[in-house]
Amino acid sequence: MDEDKTVMHSSDTLSDKFDANQAASSYPRLKISLLDDSGKPSKQFLLTKKFTVGRSPDNDAVIPNPLVSRYHFKIEWENGHWWIYDLDSANGVYLNHQLIQKKSPLESSDLISLGAANISFAVEEIQQSHEISSQLNKIHGKSENEPLTKNTQSNRDLSKDELKARLLANTEADDLGDYTRMIRKIIHEDRTSQIKGYKKIIIWLAGLFLVFAGLVTYQQMTLMNVRALAIDMFYDIKALEVSLSRAEIRLDESAEVLDLTLKVIVDQKLGIDQERIKSERQKLANERQRISLERQKLSGMRLKYQQYVDEVKSLRIRFPSDAQYEEELIAKVARGFGESELELPEGFVAEVRKYTRYWQDSTRMQQAIARLEKNLYAPVIIEALEKEGLPLYFLYLPLQESNYDAHAIGPETRFGIAKGAWQFLATTAQEYGLSPGPLINTREFDDRDERFDFVRATKAGAKYLKHIYSTEAQASGLLVVASYNYGHTRVKSLISKMHDNPRDRNFWKFIQQHSLPKETYDYVFLIFSAAVIAEDPKHFGFNFNPPLTFTSIK
């Protein structure tokens with residue numbers, strides 16, 4: 001509540017002040033102090049009747065904190081006592097550290113706390129007992145027992161409203177006595193002085209408001225411009241990533257063809273122009289050099305993009321809290337997966353939090369990360385992903401597939417039996433260089449099946465991810481994850497209906513236009529939320545070190 005809603009405006013007339021004081025004297029007034037982190041008052045509110053607190057802007061005290069409800073609590077004078085009411089808040093109202101049930105009487109020196117929001121108010125009572133007669137006597141210097149003149153005595157017979165009208169009238173009545181004229185003069189001189197003073201204050205406040213409004217407008221325009229630049233830069237990066245990934249795939253294929261050709265030439269002792277072979281090798285070397293330079297350019301663009309993002313954050317007014325910290329982690333992981341952190345869909349943060357709670361209620365992630373650490377699998381995965389230029393957050397894909405179990409065997413399906421930490425089907429395994437072994441159609445471990453070789457399977461998994469990443473997914477990491485679970489060929493037809501550029505072909509647009517099966521939807525959010533938790537495991541209640549602590553996220 002603004003202070004001028006509970007404290008008399010100094011521009012009010014003396015009679016108005018007397019009336020307000022007379023009304024307030026029937027019950028004690030309260031002073032409510034908002035406490036800062038050190039327990040000292042940071043803002044105070046004086047109230048005489050009803051007082052509401054919450055996140056909504058129409059409350060008397062507005063607390064813009066996501067842990068505070070729109071209408072959290074109210075304080076109201078009722079039946080000769082002050083009462084505090086919980087307005088069905090999400091996180092509760094605590095009085096002297098005790099949760100109140102609906103309502104509770106309020107006393108001086110009480111402490112009010114807002115659930116998990118770490119926000120507190122201190123209560124203090126202010127007694128008032130001034131009467132109109134004593135205020136008048138203070139003005140004209142008379143004691144209450146001083147004899148009255150005839151006119152003064154006649155004024156005593158007037159009602160309060162009649163007396164007020166005579167004292168505040170613009171023209172004097174003919175029957176006014178000297179004593180009443182003196183009071184009128186004091187009142188009108190006081191009003192004139194106050195009006196002049198408050199005109200200056202109003203002009204100064206108006207000027208200050210215009211300056212503040214101008215600064216806010218400028219800040220909002222700057223924020224919009226910087227945000228637009230950042231988003232444009234983000235999708236320029238995505239377009240370059242797609243181009244480079246496709247070029248690297250073509251380069252690897254050309255290098256393989258050339259190596260096979262040379263092997264055939266040597267094995268069959270065929271004669272061939274050495275200059276031609278040298279020329280082909282030089283073309284490959286030149287292409288590698290070009291890609292290397294483009295990768296350096298890409299790194300510079302990422303640095304510039306980060307500067308834009310930091311500037312956007314600095315222009316936003318945010319209050320530090322656990323919820324805000326988690327939102328920043330979610331934005332960071334979104335960027336790491338190749339999604340625009342400045343365009344998070346409404347409700348996405350809340351959805352991710354729902355899946356983090358799933359991991360917190362289960363021992364599966366703790367046990368899987370323990371296996372990852374014990375077998376030193378993380379460096380193997382990170383090396384394979386870095387070699388293919390992929391987001392390192394794909395490290396958590398085999399967590400969901402197999403809990404990092406290299407000997408994992410999936411159920412028998414019409415497509416075959418998935419095996420190994422990356423749960424490759426036999427057909428996909430062969431396509432990416434893995435031999436499935438003779439027990440391909442049985443749910444048994446086979447040391448001749450390369451899907452059970454963690455290093456080989458990880459390299460093949462990275463290549464498979466890169467193919468999806470550089471083609472249909474258009475550098476959208478979450479579309480890659482969806483494709484990996486849903487079936488690359490099945491999701492391909494849905495993705496192909498979207499515009500062929502990273503700005504329109506991304507996970508945000510995909511989930512708005514298409515409905516994923518619940519299994520795939522859960523799959524994507526479980527991997528994403530696991531990556532969020534792994535950024536700061538202890539914050540979420542886990543006891544392991546972040547697997548990517550010493551690795552820069554691409």
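## The chain as a whole

Out of the 554 residues in the protein chain, 43% are buried (buried means under 20% relative accessible area, exposed over 50%, and partly exposed in between, with a 1.4 Å probe and protein chains only). Keep in mind that this is a predicted model, where local features need pLDDT of at least 70, side-chain atom pairs count only at pLDDT 80 or more, and totals for chains, interfaces and linings use all residues. Residues are numbered from 1 along each chain as its sequence is written, and side-chain values use heavy atoms, with hydrogens and water left out.

The protein chain has 17 helices and 13 strands (these are DSSP runs numbered from the N terminus, with helices being H or I and at least four residues, and strands being E and at least two). Now for contacts, meaning heavy atoms within 4.5 Å. Take those in the protein chain with a separation of 6 or more: 58% of them are between residues 24 or more positions apart.

## Two helices side by side

How do you describe a pair of helices like this? Two packed helices are described by the angle between their axes and the distance between the axes. For helix 10 (residues 377-387) and helix 13 (residues 454-470), the angle is about 35° and the axes are 9 Å apart. Axes here are lines fitted to C-alpha atoms, for helices over the stretch in contact, and angles run from 0 to 180 degrees between N-to-C directions. Helix 10 passes helix 13 in a right-handed crossing (right-handed if the near helix is turned clockwise from the far one by less than a right angle, left-handed if anticlockwise).

Which residues in helix 10 and helix 13 meet? From helix 10 come Tyr-377, Val-380, Ile-381, Ala-384 and Leu-385, and they meet Phe-454, Val-455, Thr-458, Lys-459, Ala-462 and Leu-465 in helix 13. Sorted by class, the contact of helix 10 with helix 13 has nine nonpolar, one polar and one charged residues (Ala, Val, Leu, Ile, Met, Phe, Trp, Tyr, Cys and Pro count as nonpolar, Asp, Glu, Lys and Arg as charged, and the others, Gly among them, as polar).

## Around helix 9

Ser-362 counts as partly exposed because its relative accessible area is 23%. A polar atom of the Ser-362 side chain lies 3.0 Å from the backbone nitrogen of Arg-364.

Arg-364 itself belongs to helix 9. Is Arg-364 buried or exposed? Its relative accessibility is 18%, so Arg-364 counts as buried. The side chains of Arg-364 and Gln-400 are joined by a polar contact of 2.9 Å (a pair of N or O atoms within 3.5 Å; within protein, one must be able to donate a hydrogen and the other to accept it, and residues adjacent in sequence count only if both atoms are side-chain atoms). Leaving aside neighbours within four places in sequence, Arg-364 is in contact with Tyr-358, Trp-359, Leu-399, Gln-400 and Asn-403. With Leu-399, the gap is 35 residues in sequence and 9.3 Å in space, C-alpha to C-alpha.

On to the loop between helix 9 and helix 10, where you'll find Leu-376. Leu-376 isn't a glycine, yet it has a positive phi of about 55°. With a relative accessible area of 59%, Leu-376 is exposed.

## Loops between the strands

Asn-65 lies in the loop between strand 4 (61-62) and strand 5. Asn-65 is buried because its relative accessible area is 10%. A polar atom of its side chain is 2.8 Å from the backbone nitrogen of Leu-67. Not counting residues up to four places away in sequence, Asn-65 touches Arg-55, Ala-117 and Ile-119.

Asn-79 is in the loop between strand 5 (73-78) and strand 6, and its relative accessible area of 75% makes it exposed. Its phi is near 55°, a positive value in a residue other than glycine. Ser-89 is in the loop between strand 6 (81-86) and strand 7 (94-95) and counts as buried, at 12% relative accessibility. The Ser-89 side chain makes a polar contact of 2.9 Å with the side chain of Asp-86, and reaches the backbone nitrogen of Gly-92 at 3.1 Å.
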